[in-house]
Amino acid sequence: MHLEQALKEEAARQGFILAGITTPEAPTHMAAFERWLEAGLHGEMAYLSSERSRQRRADPRQLLPQCQSILVLGAPYFPSQQGKGEKSQGLEGRIAAYAWGADYHDVLPERMAKLVVFLEAQLGRPVLSRACTDSAPLLERDLAQRAGLGWIGKNTCLIHPRLGSYFFLAELLLGVALQPDPPFSTDHCGNCTRCIDACPTGCIRPDRTLDARGCIAYLTIELKGAIPEELRPRMGDRVFGCDICQQVCPWNRFAPAAGDPAFAPRPGIPAPDLLGELALTPEAFKCKFKGSPVQRAKRRGYLRNVAVALGNQGDPSAIPALRQALADPEPLVRQHAAWALARIESRRGENQVPQSTQSTRRKPG
């Protein structure tokens, strides 16, 4: 068996449903990425635009000077499809499917370390390596397309024709020369614009980039300050991330019904009770979301999102909890709770039916 095939089969045993090999050459999409940064479409994600970050993204060898090959991997998480029960009725929110289970930053590097051990056993010598998730400055989807794993769709996700897009990408930089796979050269999006049409904030651009400043995932995770008021109503009940552009994608009809067990939904995560979430103390937040990607938003950001979701649902039963949140130690939470209260009261007034006036006509007799 060829070494490359043996490595891919071992990757499958470690839970990766996709594996492809490419070279550490300059990314094909680097110029487009630079234009995106220059347009300011990355919002407040300053770590993307630093000079050091740009240099590293332009040359993967800056992460591992001895790199000769890159093994690109895909690990599936549980799909979030509309109408399939990920959310029930009531004052509940939505959390993006990738965050239902364990944090992939904790899970995937351990599996990649086992792949290195396997490769060293096959070669009979140590192998220099570096495991990367999205925490390293790489253009992951560019590498994945070059490794033959799929195409970059109009929603900016990497899409595989048989597996859809519900998977994490990870990369293993290796100091050994492996035969690269041919790049994925076909675009299967065609004339479809479902993701563009469905985006609540209209942030998906026609050039297969998005304006992060309007993306619900950015607003609920990356943005650390106040959410722009004009965008809050468009967030609906989403309190961490957004799956809409994947839910409407026709290619996700072929996504596996179940993902990796490590990313299986934890109780109370996919559709959290918003009133209960708004009452989370710092200790309770840490306990509930230990080992979860939701920790990335921090308590103040998460409760900020919860307050917005309650305001958008407009249920007066949330008023007592929101009033209680006005005393939260975090100014960010207090600010958005006040907005939610005003929104509920406003909608409450709009829905009130004026009492019919009594007739002034004198009755006979």
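Entry 1, the model. I worked from a predicted model, in which local features need pLDDT of at least 70, side-chain atom pairs count only at pLDDT 80 or more, and totals for chains, interfaces and linings use all residues. Residues are numbered from 1 along each chain as its sequence is written, and side-chain values use heavy atoms, with hydrogens and water left out.

I took helices as DSSP runs (H or I, at least four residues), numbered from the N terminus. I found that the axes of helix H1 (residues 3-13) and helix H4 (residues 104-123) come within 10 Å and cross at roughly 150°. Axes here are lines fitted to C-alpha atoms over the stretch in contact, with angles from 0 to 180 degrees between N-to-C directions. H1 and H4 are therefore roughly antiparallel (angles over 145 degrees). On the H1 side, I noted Leu3, Ala6, Leu7, Glu10, Ala11 and Arg13 in contact with Leu115, Phe118, Leu119, Gln122 and Leu123 of H4 (heavy atoms within 4.5 Å). By class, this contact of H1 with H4 has eight nonpolar, one polar and two charged residues. I counted Ala, Val, Leu, Ile, Met, Phe, Trp, Tyr, Cys and Pro as nonpolar, Asp, Glu, Lys and Arg as charged, and the others, Gly among them, as polar.

Helix H2 (residues 30-38) packs against helix H3 (residues 51-58) at about 160°, their axes 10 Å apart. That makes H2 roughly antiparallel to H3. I listed Met30, Phe33, Glu34, Leu37 and Glu38 of H2 as meeting Arg54, Arg57 and Ala58 of H3. Four nonpolar, no polar and four charged residues make up the contact of H2 with H3.

I looked for a set of points on a 1 Å grid where a 1.4 Å probe fits but cannot get out. The structure holds one cavity of 30 Å³ or more. The largest cavity has a volume of about 80 Å³, taken as the space filled by probe spheres set on the points. Its lining (residues with an atom within 4 Å of a point) has 12 residues, of which Ser80, Arg94, Ile95, Ala96 and Asp243 lie nearest the centre.

Definitions and conventions
Helix = DSSP H or I, 4+ residues; strand = E, 2+ residues; numbered from the N terminus. Parallel < 35°, antiparallel > 145°, perpendicular 65-115°, else oblique. 1 Å grid on protein atoms, 1.4 Å probe; cavity = no way out; pocket = protein on both sides within 12 Å on 5 of 7 lines; lining within 4 Å.
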